[in-house]
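Dear colleague,

Please find below the structure that I am handing over to you, together with its sequence. My findings follow directly after it.

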Amino acid sequence: MGTITKTLQAIFNRDRAHSTHDKPEISQEEEQLDSNLGTIFTKVKNAFGHSEDVVTEDIGLCNGLKSACKFGFIYMNGLASTTTVQEIIKELLGISNDLNDELLDTSIDKMKIIKNYLPSAGNAKTIADFSALYTAILSGETVILLDGYPYGFAVNTIGGNNRAVEEPSTQSVVRGPREGFTESISINISLIRKRIKSPNLWLETMTIGKVTQTTIGVMYINGIVNDKLVAEVNERLKRIDIDGILESGNIEELIQDETFTPFPTLYNTERPDVIAAGLLEGRVAILVDGTPFVLLAPALFVQFYQSAEDYYQRAEFASLIRILRYICFFISLLGPSLYIGITTFHQELLPSSLLFSLAAQREGIPFPAFVEALLMEITFEILREAGVRLPKTVGQAVSIVGALVIGQAAVEAGLVSPAMVIVVAITAIANFVIPAFNMGISIRIIRFILMVLAASFGLFGVTVGLIGIVQHLCSLRSFGVPYMSPMAPFIFADQKDTILRLPQWGLFSRPQFISSKNNIRENNAPTTKPASRRP
């Protein structure tokens, strides 16, 4: 204890010799803090409407001489860790015992001494106005004040209850990491840094939302990302002027290239490994405090049909599954419309046996094929949405049993044909194969449009609708990058990870349409055989 006291005394004598009573700069636009501790407490309580979770307490140090050395603490109960706050108070008590005489000296800057010697105040920031004070305590920090000084400093005491890191519920995989993002941006940043241990992984933070004051983080790898892309992301974020940001979906709608489109132009995920892979390709990640979903820009059409699991198993299996996903995309998009168009306008395309079977099934059905399909599609959409909203214990059972019972009852009642039930069921199941939920919603919307075109013009209407969809997709951009890259425009070098996935040794370069810097990411040979051994 004597050694610690001597060390503190030596540091104190050094700071006293160089002390010039410097005070922090105070913005003229903000209301500055008062030097009276009681006045500050009163204004803070009034500003929060005397809310009970705002804690204001004072403590007298310097051997109990409260009037001579009176410290104040302001923090938000539930956001700040009370255990950490109590540890800071114990540290202050220890310092006051060692430097009691010095703290009683009115000719020195006590706040500077405390800030220099308090272990918890290593990265403390100075608070000189009420706006900064409110922001600090609402961020979970504790503001330490000293009576007689019109400024203080905020110490990091962020605590409260945070959801533990769990397996993602929307993007589960058979093989791969089981960690998912949480609602805490600091935890999410650490999950990404745990996978990319490089000083070139840069983070820029900003606050968006005049009322919510939501922390937004922009992460990218310097030396790989395109500098123009980073500048564009920051510019779009800084243009946002809104009262509150509650989820990354609010950010997505405000910075996307195209508003009136059913297709998502920003990719979102709750998997840290997917974000890390995107950063390594030259993309930019946008993290929002309060949500486990992180945005990735730019986003491409083919990206929504890729899964993290594709890169954790053999290339042959991954390529086969990707082909299956694209087949399911066309089934989900065109299934009902092709059935309507063929059975209504182009019966000659069907074999005679199948045509007679369908005609026999439709005998007695009072509705045309379009009304049948519309009735069943709306019914399945209702069951799907009910399964999502109902409690997990009964939601799955209700959706499955409801689909079976309603489908069977509709067939027995003569409202729909058995073939229509099969088509709608296969269409609904194929929609679930698509890894991205938001892309699945887009297909469900376009499916109804194609059904109307098929009922009106047959396969000619479906063809015109497909041409319009392709034209629309080719016109989209995601932060300046063509949405259909690398298929339109066609880039041969980037076909190695589009519909098919080459083995790891074939993924030697990053996508050219995202970043042209540091394009080579590996130098592996196609095969690596062990050295031959002699007997």
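I begin with a sheet in this predicted model. Five strands form an open sheet in the order β6-β7-β9-β10-β8, and their pairing is antiparallel. At its edges stand β6 (201–208) and β8 (267–269), each of which pairs on one side only. From one strand to the next, the twist averages 25°.

Within this sheet, β9 (residues 284–288) and β10 (residues 294–297) are joined in the antiparallel sense over 3 bridges. Ala 285 has Leu 296 of β10 as its bridge partner. Helix α10 (residues 272–280) packs on the sheet and touches β6, β7, β8, β9 and β10; the direction of α10 makes about 25° with that of β10. Helix α8 also lies across strands of this sheet, namely β6, β7, β9 and β10, and runs at about 15° to β6.

Arg 236 and Glu 232 meet through their side chains in a salt bridge, with 2.7 Å from N to O. Because these two residues are 4 apart in α8, about one helical turn separates Arg 236 from Glu 232. Side chains of opposite charge can pair when their charged atoms come close. In total, the structure holds 24 salt bridges.

In the loop between β6 and β7, one finds Gln 213, which has a positive phi of about 50° although it is not a glycine. Ala 297 is joined to Pro 298 by a cis peptide bond, with omega about -5°; Pro 298 is found in the loop between β10 and α11 (315–345). A further cis peptide bond joins Ser 485 and Pro 486, with omega about 0°. Pro 486 is placed in the segment after β12 (481–482).

I turn next to another sheet. It is an open sheet of 5 strands with antiparallel pairing, and the strand order is β1-β2-β4-β5-β3. Its edge strands are β1 (54–60) and β3 (125–127), each pairing on one side only. Here the twist averages 25° from one strand to the next.

Strands β2 (residues 70–76) and β4 (residues 142–146) pair in the antiparallel sense over 4 bridges. Opposite Phe 71 stands Leu 146 in β4. Helix α2 (residues 37–47) packs on this sheet and touches β1, β2 and β4. The direction of α2 makes about 15° with that of β2.

Finally, which residues lie nearest the centre of the second largest pocket? They are Leu 138, Ser 139, Ile 158, Thr 215 and Asp 289, out of 39 residues that line the pocket. About 1200 Å³ of space lies in this pocket. At least two lining residues are supplied by each of α6 (130–138), β5 (152–155), α7 (185–195) and β7 (214–221). Helix α7 provides the largest share of the lining, with 4 residues. By type, the lining of the second largest pocket divides into 12 nonpolar, 21 polar and 6 charged residues.

With kind regards

Notes: Residues are numbered from 1 along each chain as its sequence is written. This is a predicted model: local features need pLDDT of at least 70, side-chain atom pairs count only at pLDDT 80 or more; totals for chains, interfaces and linings use all residues. Side-chain values use heavy atoms; hydrogens and water are left out. On a 1 Å grid over the protein atoms alone, a cavity is a set of points where a 1.4 Å probe fits but cannot get out, and a pocket is an open set with protein on both sides within 12 Å along at least five of seven lines; lining residues have an atom within 4 Å of a point. Grid points are joined across faces, edges and corners, and a volume is the space filled by probe spheres set on the points. Ala, Val, Leu, Ile, Met, Phe, Trp, Tyr, Cys and Pro count as nonpolar, Asp, Glu, Lys and Arg as charged, and the others, Gly among them, as polar. Two strands pair if DSSP finds at least two bridges between them. Axes are lines fitted to C-alpha atoms, for helices over the stretch in contact, and angles run from 0 to 180 degrees between N-to-C directions. Contact means heavy atoms within 4.5 Å. A salt bridge is a side-chain nitrogen of Lys or Arg within 4 Å of a carboxyl oxygen of Asp or Glu.
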